[in-house]
Amino acid sequence: MLFRSAPAVIAVDSVVDNTVPATLDDVRAALQAFVGQNGMPAGLELLKEFDCARISELSADQYAAFMARCAE
């Protein structure tokens, strides 16, 4: 049997404190968790708060704020 390891996800606190820079993969993981708890419509509304239609439109300087918002 093959086991797949879960992707590494950094803690939101370390990103918000700017001790570890967030990557697009971190932001995607945060959005996936948010959508899992709140649904796709809420995820789309969250992206709209950042003037984005898709996650790839976020700029790197928005990553920490977006991840913090996902964790609320």
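This passage describes the fold, the surface and selected residues of a predicted protein model. Because the model is predicted, local features were taken only at pLDDT of at least 70 and side-chain atom pairs only at pLDDT 80 or more, whereas totals for chains, interfaces and linings use all residues. Residues are numbered from 1 along each chain as its sequence is written, and side-chain values use heavy atoms, with hydrogens and water left out.

The protein contains four helices and zero strands, and its elements follow the order α-α-α-α from the N terminus. Helices (H or I, at least four residues) and strands (E, at least two) are DSSP runs, numbered from the N terminus. Of the 72 residues, 28% count as buried; buried means under 20% relative accessible area, exposed over 50%, and partly exposed in between, with a 1.4 Å probe and protein chains only. The accessible surface comes to about 5,100 Å², and carbon and sulfur atoms account for 55% of it. These areas come from the Shrake-Rupley method with a 1.4 Å probe, and for residues only the protein chains shown count as cover. Among contacts (heavy atoms within 4.5 Å) between residues at least 6 apart in sequence, 47% join residues at least 24 apart.

Helices α3 and α4 have axes that come within 11 Å and cross at roughly 145°. Axes are lines fitted to C-alpha atoms, for helices over the stretch in contact, and angles run from 0 to 180 degrees between N-to-C directions. The crossing of α3 and α4 is right-handed; a crossing is left-handed if the near helix is turned anticlockwise from the far one by less than a right angle, and right-handed if clockwise. On the α3 side the contact is made by L46, L47 and E49, and on the α4 side by F66, R69 and C70.

One aromatic pair is present in the structure. The ring centres of F50 and F66 are 5.2 Å apart and the ring planes stand at 70°, so the pair is edge-to-face. Rings of Phe, Tyr and Trp (its six-membered ring) pair if their centres lie within 6.5 Å; planes under 30 degrees apart count as stacked, over 60 as edge-to-face and the rest as tilted. F50 lies in the loop between α3 (40-49) and α4 (63-71), while F66 belongs to helix α4, so the pair ties together parts that are 16 residues apart in sequence. F50 is buried at 15% relative accessibility, and F66 is buried at 0%.

The loop between α3 and α4 also holds L58, which is buried with a relative accessible area of 5%. Not counting residues up to four places away in sequence, L58 touches V27, F50, C52, Y63 and F66.

D51 is exposed at 73% relative accessibility and has a phi near 55°, a positive value in a residue other than glycine. D61 is exposed, with a relative accessible area of 68%; its C-alpha atom is separated by 9.2 Å from that of A22, 39 residues apart along the chain.

A search of the whole structure finds zero disulfides, a disulfide being a pair of cysteine sulfur atoms within 2.5 Å. C52 is buried, with a relative accessible area of 7%, and C70 is buried, with one of 8%.
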